[in-house]
Amino acid sequence: MAFECQESIEDLKNLTKFSESSDFSSNPATEHSEASGLALDCNTKKCSISNFCGSKQLPPNDVFPNVRRSITDLPQALISENFICLDPKELGIVSCVSSTLHNIASEHHVWKEFYCQRWGLPIASAPLGAGFLDEKSWKELFVEREFRSKIFLGRYNIDVLYGHTEAVRTVFLLASAKLIFTAGYDSVVRMWDMEEGLSIASSRTLGCTIRAIAADTKLLVAGGTDGFIHCWKAVESLQHLFDLKKVVKQNTEFRLWEHEGPITSLALDLTRIYSGSWDLTVRVWDRSLLKCIQVLQHGDWVWGLVPHDTTVVSTSGSDVFVWETHSGTLLNVIHNARVGNTYALARSRTGDFLFTGGEDGAIHMFEIISESEEPSVVQVATWIPHSGAVYSLAFEFPWLVSASSDGKLALIDVRKLLRATRRSFGKRVSRNKETDRKNVEPPQILLNGFGCNLFSVCIGANRIVCGGEEGVVRVWNFSEALEIEQRVRALRGICLEKRMRRRRLQLEMNCNGQTDQCSVAAKKNPVNGDRNGVWHSKRSISSKVKT
């Protein structure tokens with residue numbers, strides 16, 4: 001009940017008359033206690049009782065303390081429905097209120113949505129059917145992955161992969177299979193072991209520069225400057241999926257021809273292959289039929305593309321296009337997204353946020369708002385971390401990593417810009433420009449000192465992979481930072497446990513009284529008691545010697 005300054009005795013009398021005429025009954029003792037409590041509060045606060053008496057409704061619980069309700073009295077289904085409106089941080093805070101809310105919040109299905117929206121389905125480290133997801137709840141998986149996302153601020157090791165004879169134009173990290181694919185001016189696609197950093201296999205010379213690679217556990221595709229897409233199907237009997245050396249006699253290698261210019265970008269989803277080219281087109285291919293089913297015409301060279309669900313975003317010249325893939329409809333265009341060409345493009349897993357980089361060295365962040373049939377695009381933030389052109393971008397929540405012609409890699413944490421709203425489970429951002437300006441932070445890490453012209457970068461599995469003009473592939477391994485952070489976390493837990501134990505001991509000593517404190521301390525820690533006794537005896541002996 002809201003109280004304000006000043007209180008009149010007439011309002012108190014009106015409340016008494018109302019309580020007598022209402023349907024509910026109460027004993028005189030209770031009424032007396034309530035009236036006295038209100039009389040005490042009248043000295044400092046005022047209640048809007050006159051409005052309450054005119055409405056002829058039951059008074060709230062704070063007027064009648066004997067009728068108290070809490071959120072835990074609601075049905076669990078209703079509480080669970082309300083939890084959908086919270087973001088991960090708020091849901092974690094609510095779970096600490098009581099054991100009932102903790103059980104409901106910990107087992108809530110929204111944790112799976114939180115996880116998949118940020119990182120997709122988890123990669124099972126155990127064999128299929130081993131019960132990987134049954135061992136941990138979605139909340140535990142989310143907390144663990146959120147913890148791992150902080151390691152890119154820690155210590156790292158750099159592995160250098162040698163094998164290419166010329167500049168490396170493209171790299172791709174397939175974290176689910178722990179494989180790295182690289183290609184470049186030497187016309188060879190190489191496959192590396194992510195853990196060991198060793199070369200597994202290399203393809204034959206494909207006859208032209210390879211500027212783009214994409215892969216999943218079923219298909220590997222590489223795009224050449226001659227306009228073809230070279231494909232390898234996965235072989236189940238092979239440990240490393242793809243037969244680049246033609247060890248197996250199966251026909252797993254083929255090409256797709258239709259582009260009339262160099263292919264600059266490739267992407268895969270479950271049913272389609274997407275390819276962008278300097279022939280001013282983006283082509284959509286059916287994976288099962290191996291045929292082109294859609295051609296998206298542009299007005300300039302296509303530099304990058306990123307698909308999501310039924311849409312694909314592409315960059316052509318200095319513009320950014322948003323397409324609907326089924327009908328080939330152009331949904332939106334960001335004209336003059338930057339000064340010069342837009343070379344690099346990245347997209348969040350939910351598809352709501354775009355990141356562009358290009359000739360002017362700036363990185364722009366956009367939000368796609370799909371509240372109507374024609375989605376609108378709003379610019380959210382801008383960074384200028386490089387002195388040269390940005391050639392490549394990669395995103396894994398919450399880190400955006402960029403590679404530039406100045407020989408530097410920049411890591412930007414965009415967590416503060418992804419502000420939650422009740423309707424979109426943490427996908428929307430605030431459109432308050434002043435707030436966004438405060439939330440925009442400079443890059444947290446700049447990795448530099450490795451020559452110039454870094455052409456491609458990829459992030460995932462605690463690693464950052466980059467290739468450039470030097471002809472080598474560098475892998476920044478942050479696994480050591482994860483191990484160090486885990487040890488620090490364990491030590492913090494031990495220190496907290498010791499602190500709580502000392503606190504309980506102190507409480508026991510205070511409860512037993514001043515006379516029993518020494519005996520309790522001696523029982524809990526006999527070593528300290530003996531040590532103190534020896535010290536006093538030595539002190540007495542030394543004093544006797546002095547006398």
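Me: How many disulfides are there?
Reply: The count is zero disulfides, taking a disulfide as a pair of cysteine sulfur atoms within 2.5 Å. This is a predicted model, where local features need pLDDT of at least 70, side-chain atom pairs count only at pLDDT 80 or more, and totals for chains, interfaces and linings use all residues. Residues are numbered from 1 along each chain as its sequence is written, and side-chain values use heavy atoms, with hydrogens and water left out.

Me: Is C511 buried or exposed?
Reply: C511 counts as exposed because its relative accessibility is 68%. Buried means under 20% relative accessible area, exposed over 50%, and partly exposed in between (1.4 Å probe, protein chains only).

Me: And C495, buried or partly exposed?
Reply: C495 is partly exposed, because its relative accessibility is 42%.

Me: Switching to H164. Where is it?
Reply: H164 is in the loop between β1 (157–161) and β2 (168–174); strands here are DSSP runs (E, at least two residues), helices likewise (H or I, at least four), numbered from the N terminus. H164 is buried, because its relative accessible area is 10%.

Me: Which side chains does H164 make polar contacts with?
Reply: The H164 side chain pairs with the side chain of T182 at 2.7 Å and with that of D186 at 2.9 Å. A polar contact is a pair of N or O atoms within 3.5 Å; within protein, one must be able to donate a hydrogen and the other to accept it, and residues adjacent in sequence count only if both atoms are side-chain atoms.
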